[in-house]
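Subject: Structure handover

Hello,

Here is the structure for you to look through. My notes on what turned up follow below it.

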Amino acid sequence: MKAFKTKSIIPYGQVELDDEGAAYNTAWHSNAAVLSEVGTLQVEFRYLAKITGRMEYATDAMRALDALLKIGTQDGLYPTLIQNIQVRPSFANDEISIGAMGD
């Protein structure tokens, strides 16, 4: 799955669905994934695995979550952007949100 083909396993936020579709982060956060998107993929891809019988959907989503959980946090809070273009993911900003982009 193209979205998960990052050095860090944290997925890209955009995938073009044509035959040669590219996967990338959008311009306004080109070096980072949005935290809430990584969380949403857990629900969506686990359900997709269940209804299709293709467990690789759940496995890829879980690998992204595992990589995210390896980043050390203070007080267990994650900022809204996670750098995903290097092998080791890291925080891309220091903004904490209970709503948009952080839920």
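Pro89 sits in the loop between β4 (81-83) and β5. This is a predicted model, so please read everything here as computed from it. Is Pro89 buried or exposed? Pro89 is buried, because its relative accessibility is 14% and the cut-off for buried is under 20%. From Pro89 to Met101 is 12 residues in sequence. In space, the two C-alpha atoms are 17 Å apart.

Next, the core. The largest nonpolar core has 10 residues. They are Ile10, Ala33, Leu35, Val38, Leu65, Ala67, Leu68, Ile71, Tyr78 and Ile82. Two elements, α1 (35-52) and α2 (56-69), each give two or more residues to this core. The top contributor is α2, with three. As general background, nonpolar side chains in soluble globular proteins tend to be buried together.

Now the salt bridges. How many does a search of the whole structure find? It finds two.

- Arg54 pairs with Glu56, with 2.7 Å between the closest N and O atoms. Arg54 is partly exposed, at 41% relative accessible area. Glu56 is also partly exposed, at 34%.
- Arg63 pairs with Asp60, at 3.6 Å from N to O. Both belong to helix α2; they are three residues apart, which means a separation of about one helical turn. Arg63 is partly exposed, with a relative accessible area of 41%. Asp60 is buried, at 15%.

On to the surface. There is a nonpolar patch made of Leu77, Ile96 and Ile98. Together these residues have about 320 Å² of accessible area. Ile96 lies in the segment after β5 (90-91). Ile96 counts as partly exposed because its relative accessibility is 44%.

Which residues form the negative surface patch? Glu16, Asp18, Asp19 and Glu20 do. Glu16 is in the loop between β1 (14-15) and β2 (23-24). Its relative accessibility is 36%, so Glu16 counts as partly exposed.

Best wishes

Methods: Residues are numbered from 1 along each chain as its sequence is written. This is a predicted model: local features need pLDDT of at least 70, side-chain atom pairs count only at pLDDT 80 or more; totals for chains, interfaces and linings use all residues. Side-chain values use heavy atoms; hydrogens and water are left out. Patches are made of residues with over 30% relative accessible area and no salt bridge: like charges are joined within 9 Å, nonpolar side chains (Val, Leu, Ile, Met, Phe, Trp, Tyr) within 5 Å. Accessible areas come from the Shrake-Rupley method with a 1.4 Å probe; for residues, only the protein chains shown count as cover. A salt bridge is a side-chain nitrogen of Lys or Arg within 4 Å of a carboxyl oxygen of Asp or Glu. Helices (H or I, at least four residues) and strands (E, at least two) are DSSP runs, numbered from the N terminus. Buried means under 20% relative accessible area, exposed over 50%, partly exposed in between (1.4 Å probe, protein chains only). Lys and Arg count as positive and Asp and Glu as negative; His and the chain ends are not counted. The place of a charge is taken as NZ of Lys, CZ of Arg, CG of Asp or CD of Glu. A nonpolar core is a set of buried Ala, Val, Leu, Ile, Met, Phe, Trp, Tyr and Cys residues joined through side-chain atoms within 4.5 Å.
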